[in-house]
Amino acid sequence: MNTGIERRWHDMGGLDSGPVPMEEHDFAIWEKRVDALMILCGGKGLFTVDGLRRALEDMGEEAFEKHTYYERWIAAINQNLIEAGVYSIEELGEKMEAVSRRGDTYGEAQND
Amino acid sequence: MTEQVRVRSMAPPGHVRAPWYLRGKTGVIERRLGEYPNPEQLAYGLQAERKTLYRVRFTMRELWGERAENQDDTLDAEIYHHWLERK
Amino acid sequence: MSHDHPEQIHHMGLSSSGHPFRNDNDFPLTCWQSMEIAVRELLIEKGVLTSDEISRQIDAMDARSPANGARVVARAWVDESFKTRLLANGTDACGEMEFDIGPLNLIAVENTGDVHNLIVCTLCSCYPRNLLGFPPDWYKTRAYRSRAVVEPRKLLREFGVELPKNATVRVHDSTADMRYIVIPARPVGSELMTEQELARLVTRDSMIGTGLPLEP
């Protein structure tokens, strides 16, 4: 390759790596909700899976190592919804603040 | 008739679905999959042109040379037309 | 939903499927969870989604599991003409069995005595989720994504799959719009089994290529 642009972090086929970690976990309700938001908003044409992948790739390798799968996906969904103009950053900021005022746990922070 | 193709060896920045380990490598077209919107445009919220997508088969010998576990094992990947050139 | 499992299993910190629970309702709120709540509520307030749609989508995804794929494989084992159609067009063949796999473009690849297929997505973690449900965690790891294309045989041994020496390994990297399912080879000794009995031999991993079907 002679263009000087380097291989991107997510493009990992063929690289050296250790044993495959075999642990599995069941998904929490908040993870399933992230999954549902992805499918439903995609179905309504608010973004494409390619747009989500682009956002995930741009988050970089550190995000891949530090955060769980659905943590990164909700960030990518949010990024794409902001870009699509579904809501503004200001609206998101106010809403997140309101959510965290409701309680200390995921259960308490629901609006119901 | 097997048609030989090479994955283009370019390296643009941005969202691309042609894996690095296949670039510059030669394989044969296993099948033509049809036309799909170009992910390199979809990723940026653009109207996407439809591009022909192929399944290309490579030998492990071609991909990894002496490192290959078994020279005749194969790797299939889906590659868009604009990432392929004729041998 | 994670609170209705049998008591003794719950006390071991495992769900009924034998996996640990992930932080849920009773743990300190993370910033990602508050983002999920905020995004969901904004989408509902703006009339983009309803909470009912979200619940129904979760139910639909929960209803998908490797059992669906197992039924497809078992049908292919007992019905040669179905197998031919499945290999020619996986999406249409699953449609015949009334599985709603949405926009999934499915390609089925067949294991035989001489060929073993293995599925990976090196660029992200594409998986035939509309048929098989959520992918296993390991499928999304760096180790699996990196190694499957360069040392599939070593990887398979780690998964407990020993291949005959003369077998050819075909690795499939889901790089674009297709998703893949492996039709494992029908186990020796299963000749007298019914389609339903056969489906119980088909494991999730055998449809990814990292496992073999159970022995009859």
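First, the conventions. This is a predicted model, where local features need pLDDT of at least 70 and side-chain atom pairs count only at pLDDT 80 or more, while totals for chains, interfaces and linings use all residues. Residues are numbered from 1 along each chain as its sequence is written, and chains are lettered from A and ligands numbered from 1 in the order in which they are written.

Helices here are DSSP runs of H or I with at least four residues, numbered from the N terminus. Helix 4 of chain A covers residues 69–83. Its expected span, 1.5 Å times one less than its number of residues, is 21 Å, and the end C-alpha atoms are 21 Å apart, so the two agree. Just after this helix, A:G85 has a positive phi of about 75°.

Which residues of helix 4 of chain A are buried? Among them are A:Y70, A:W73, A:I74, A:I77 and A:L81. Buried means 20 or more other C-beta atoms within 10 Å of the residue's own, with C-beta atoms placed from the backbone. The buried residues of helix 4 pack against helix 1 (29–43), helix 2 (49–59) and helix 5 (89–101) of chain A, and also against helix 2 (31–45) of chain C.

Now that last partner. Helix 4 of chain A and helix 2 of chain C pack at about 40°, with axes 9 Å apart; the axes are lines fitted to C-alpha atoms over the stretch in contact, and angles run from 0 to 180 degrees between N-to-C directions. That makes helix 4 of chain A oblique to helix 2 of chain C, oblique being whatever is left after under 35 degrees (roughly parallel), over 145 (roughly antiparallel) and 65 to 115 (roughly perpendicular). On the chain A side, A:E71, A:I74, A:I77, A:N78 and A:L81 meet C:W32, C:M35, C:E36 and C:V39.

On to whole chains, with contact meaning C-beta atoms, placed from the backbone, within 7 Å. In chain A, 52 residues are in contact with 54 residues of chain C. Helix 1 of chain A gives the most to the side of chain A that touches chain C, with 11 residues.

With chain B, 14 residues of chain A are in contact with 15 residues of chain B. There, helix 2 of chain A gives the most to the chain A side, with 5 residues.

Terms used: Helices (H or I, at least four residues) and strands (E, at least two) are DSSP runs, numbered from the N terminus. A residue is buried if 20 or more other C-beta atoms lie within 10 Å of its own, exposed if 12 or fewer, and partly exposed in between; C-beta atoms are placed from the backbone. Two residues are in contact if their C-beta atoms, placed from the backbone, lie within 7 Å.
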